[in-house]
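Subject: Structure handover

Hi,

Here is the structure we discussed. My notes follow below it.

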Amino acid sequence: MEVATAPVIPAALPAPNQPQANTVAVYSREEADREKEQKEQRDRDHQRLNFTPAADPYLNVQTEFDTREEAEEAFMGMLRETNVTPDWTWETTMRIIISHPLYRALKTLSERRSAFERYIDEKRKEAADIRKAKYDEDRVVLRTLFTDPQHGVNSRTRYRKAASTLENNEVFKAIDDHDRQAIFREFVEGLQEREKEIIRETRKDNVTKFERILQRLTAEELLTIETTWAAVQELYKAQPEYRADRKLQAMEPIDFLLTFEHHIEDLVTKYRQGRDEKQRARHRQERIKRDKFRAFLLELAANDTVHARTHWLELFPAIHDDERYIQLLNQPGADPLELFGDVIIQIIDEFRPARRAVEDIVKASNIPISLTTTLEEFKKSVSAVSEGKFTTVKPTIIRLVYEECMDRAANADREERRRAERRTRKRMEALRSALKHLSVVVTVDTEWEQIRDTVAKEYPEFDELEECQKVEVYQKFMARLKERAEKRSRVAPRSEFEDDDDEGSLRGGAADEFLERKRKRSSKHERDRGDKEYRSTADKARRSHRRPRNDRSRSPSPGEHSRDKRQVSILDPS
């Protein structure tokens with residue numbers, strides 16, 4: 001129980017009867033502070049003596065609820081009753097409401113925090129809605145005010161100028177400055193956007209008008225893809241539509257240029273499309289012509305006019321007047337010869353299995369084939385050993401196989417003749433070398449009849465040569481001897497030792513000795529050259545005898561080689 005204390009009377013007050021003429025009581029700072037504290041203490045004592053306890057406002061408040069929703073609604077009602085604003089934090093709010101009974105309506109701290117956050121969100125939304133509604137009202141009022149022509153607000157007006165113009169307007173001053181700036185900025189941006197839209201529409205109309213002028217000039221063939229910009233400028237400026245339209249004349253030069261470029265691009269695109277279409281049509285016609293010629297060749301193949309061994313030079317006289325061949329000339333793509341090659345390859349692919357089957361029978365049965373074998377004999381031989389397996393084979397295939405076999409036989413016979421000729425030439429060369437080493441001396445006056453028996457006796461290996469071949473070797477040998485004799489019998493050049501006349505000539509043993517030495521050197525030189533020629537000929541003969549017999553000594557002529565190669569490639573591409 002608090003006990004009231006008696007008030008304290010300050011002792012520093014002056015006596016009432018003390019004279020105060022022309023004097024002022026001055027208190028020190030400490031005395032003033034002490035007097036203030038005493039006064040405050042008297043006031044507190046007075047309040048304690050007169051205190052009467054008030055009734056408890058939360059005495060009958062319900063703190064228990066059946067559902068969580070009811071408890072949450074009561075908690076949020078407590079927040080509204082406490083006037084919690086959206087800028088309050090949870091810590092600040094909790095210090096205020098923690099002593100309220102409804103603080104415990106929600107049992108956990110997380111539920112209270114969650115309810116508080118929802119309450120704050122609702123309050124913020126309500127405040128935003130109120131502010132938005134007020135902002136909308138202010139915007140309508142200010143837009144009406146800005147639209148008034150007497151205020152002179154346009155798309156280039158600054159806010160500072162508009163604010164100085166409307167500073168005495170009560171409606172303008174009643175609105176928040178931040179909102180005024182935002183509404184003014186929005187109003188000016190709207191004016192600028194409308195002006196841009198008008199400019200865009202005007203530009204679009206001008207471009208459309210200019211495009212119509214260009215299209216008309218194109219239709220009149222005054223404007224093509226090769227027309228320059230300088231020429232187009234002179235053309236469209238002379239048109240009546242351009243001269244009568246001020247808006248069109250005011251269009252930017254870059255817009256004129258861009259419109260012209262787009263128009264030229266369209267013309268180029270149409271030109272290319274037309275060109276491509278014509279090219280596709282031409283290619284289609286060329287392909288149709290090639291297909292007709294191919295079908296013509298297949299017709300010839302069906303009636304055996306064209307087969308696997310047909311050559312172009314053989315077919316050309318029969319087709320050079322045909323319309324399908326003439327149409328194919330002088331056009332790009334595959335020419336008639338290439339198409340003929342394609343058809344021949346197709347025929348060979350169809351011909352190869354039947355040919356292989358016939359050749360297998362010929363090889364397995366060892367049917368003799370020579371250059372004298374006729375086609376009828378070949379057919380009979382194949383039919384006799386095939387036991388009726390080739391009754392469905394075309395006669396053309398049998399004929400082609402026969403021709404191929406005959407070609408191989410001809411090639412083999414031609415190769416055998418070449419080998420025989422090569423062996424004969426080698427024997428003739430060996431005989432010419434052997435004539436140098438006969439037991440009898442052969443001179444330029446020796447006849448063939450004189451040495452015939454000696455050659456036959458000493459070299460019997462040359463009896464296989466015919467008489468005419470031996471005579472040919474002898475004649476070549478004698479021609480060589482005569483050539484050497486002529487070289488040896490040539491008169492030596494004049495020298496200081498030659499005796500042209502009796503006067504002034506040198507005589508005695510010196511001249512004779514010089515001439516003798518010269519004759520010895522000449523004879524020695526001839527012997528050395530003869531030995532070298534003999535050794536060279538003998539080495540060649542030995543090397544030729546060592547060479548394999550199946551080597552060719554002579555390459556076939558270009559015509560024979562190309563003809564054989566072409567026939568082999570047609571009959572057997574593999």
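Predicted model: local features only at pLDDT ≥ 70, side-chain atom pairs only at ≥ 80, totals over all residues.

K476 is partly exposed, at a relative accessible area of 48% (buried is under 20%, exposed over 50%, partly exposed in between; 1.4 Å probe, protein chains only). K476 forms a salt bridge with E472, with the closest N and O atoms 3.7 Å apart (a salt bridge is a side-chain nitrogen of Lys or Arg within 4 Å of a carboxyl oxygen of Asp or Glu). E472 is partly exposed too, at 36%. Helices are DSSP runs of H or I, at least four residues, and strands are runs of E, at least two, numbered from the N terminus.

Residues are numbered from 1 along each chain as its sequence is written, and side-chain values use heavy atoms, leaving out hydrogens and water.

**Other salt bridges**

The whole structure holds 35 salt bridges. In one of them, E277 pairs with R280, with the closest N and O atoms 2.7 Å apart. Both sit in helix α11, three residues apart, about one turn. E277 is partly exposed at 40%, and R280 is partly exposed at 45%. Another links R200 to E193 at 3.2 Å between the closest N and O atoms. R200 has a relative accessible area of 40%, E193 one of 41%.

**Helix packing**

Helix α17 (residues 448–458) packs on helix α18 (residues 467–488) at about 115°, with axes 12 Å apart. Axes are lines fitted to C-alpha atoms over the stretch in contact, and angles run from 0 to 180 degrees between N-to-C directions. That makes the pair roughly perpendicular (65 to 115 degrees; under 35 is roughly parallel, over 145 roughly antiparallel, the rest oblique). W448, I451 and R452 in α17 meet E467, K470, V471 and Y474 in α18 (contact means heavy atoms within 4.5 Å).

**Backbone**

Most residues other than glycine have a negative phi. N83 has a positive phi, near 65°. N83 lies in the loop between α2 (68–81) and α3 (90–97) and is exposed at 55%. D304 also has a positive phi, about 65°. Its loop runs between α11 (253–302) and α12 (312–319), and D304 is partly exposed at 31%.

Best regards
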